[in-house]
Amino acid sequence: MKRIWLTGASSGIGAALAQMLLAQGHFLAVSARNVQALEKLHSEHPQQVLLLPGDLTEPHEVRAMGERIERVWGHLDQAILNAGTCEYLDVGRFEAHMIERVMRANLFSAAYCVEAALPLLRKAQRPHLVAVCSSVTYLPLPRAEAYGASKAAMRYLFDSLRIDLAHEGVDITLVSPGFVDTPLTQQNDFPMPMRWPVNKAATYIINRLEKRPLEIAFPGPFIAALRLLAILPQRLQLALGKVMTRSVTGESS
C-alpha cells in the first residue's frame, strides 16, 4: 500500500479521490483548510489517515506538514497536488490583486508542496508526483485571466520538473480536467459542456494513475475540441472568444 499526500482533500475531486484511495487501502496524508472535513475522514479511517490541516499558501505551514509526514511515515510514495481555487476577472474593474491571490492559491501553493514533498519522494522506490492542472490551458477563455494564467504556469512548472527529475526516477503526471461538478464549478454562471460528476472524474483519474502517464485529460471529446480550436489562427481564436464573451454577458444579465 502507498503512502500518499493529497492536498485539497476536503471537497470536490480531492474528497472523491480521498474516499477511493482509502477504500483501496492506501495510507493518506490529507491537507486542506477545512479541518472538520478532514477530521471526518480520520474518524472513518483512523488507521489510514494522517491529518495535515493548514493553509497551503503559507510556506512555513507547508514545511511543517512535510516534517510531520517524515516523522510519522519517513517517506512518500506519491503526492497528489490537487488544492486550488478559481476566480473570474471582471475586466471593467481589473484587479491585479485577484491575479496574485489566485496565483498564490494555485501556483505558489503547489511549489511549496513540491519543496516539502520532494525529499520524501526521493526516499521511495517508485516516486510519483501528480499535479491537478486544467484544460483551460489549451485555449484562452473569457474572464479566465487569473485562473488560466495560474494553471498555465503550473503546467510549465511540472513539465520542466519532469525533465529535471527524470534522471532520479521521479515520475510526474499532469491531470487536466474539463468541467467537473464540484462546489467550485457550481458557482459558475455560464454553460459547462460535457460536465462530469465528481465521482466519475475521480474514478477516471485513479484508474489511470497506476500507469503513470504524462497527462490524464478528460472528457476526451471536450479535450479534443479544445486542442483543435487551439491550433486555429489567433485571429480566429479572438473572434471565437468575442462570441463566447457576448454569450456569457447575455446570460449573466
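User: What should I know before we start?

Analyst: This is a predicted model, where local features need pLDDT of at least 70, side-chain atom pairs count only at pLDDT 80 or more, and totals for chains, interfaces and linings use all residues. Residues are numbered from 1 along each chain as its sequence is written, and side-chain values use heavy atoms, with hydrogens and water left out.

User: OK. What is the strand order in the open sheet?

Analyst: The order is β3-β2-β1-β4-β5-β6-β9, seven strands with parallel pairing. Strands (E, at least two residues) and helices (H or I, at least four) are DSSP runs, numbered from the N terminus. Two strands pair if DSSP finds at least two bridges between them.

User: Which strands stand at the edges?

Analyst: β3 (49–51) and β9 (215–218) do. Each has a single partner strand, so one side of each lacks a neighbour in the sheet.

User: How are neighbouring strands turned against each other?

Analyst: By 15 degrees on average, direction ignored. Axes are lines fitted to C-alpha atoms, for helices over the stretch in contact, and angles run from 0 to 180 degrees between N-to-C directions.

User: Zoom in on β1. How many bridges does it form with β2?

Analyst: Five, in the parallel sense, between residues 3–7 and residues 27–31. I4 has L28 in β2 as its bridge partner.

User: Now helices. Which strands does α4 lie across?

Analyst: Helix α4 (residues 96–121) lies across β1, β4 (78–81) and β5 (128–132), at about 175 degrees to β4. Helix α3 (residues 59–72) lies across β1, β2 and β3, at about 140 degrees to β3. Contact means heavy atoms within 4.5 Å.

User: And α5, which residues are buried there?

Analyst: Among them are A146, Y147, F158 and L165. Buried means under 20% relative accessible area, exposed over 50%, partly exposed in between (1.4 Å probe, protein chains only).

User: What covers them?

Analyst: The cover includes β4, α4, β5, β6 (171–177) and β9.

User: New topic: Q125. Buried or exposed?

Analyst: Q125 is exposed, with a relative accessible area of 80%. Q125 lies in the loop between α4 and β5. Its C-alpha is 8.7 Å from that of G169, 44 residues apart in sequence.

User: Last one, where is L240?

Analyst: L240 is in helix α8 (residues 234–252). L240 is partly exposed, at 27% relative accessible area. The C-alpha atoms of L240 and L141 are separated by 9.3 Å, at 99 residues apart along the chain.
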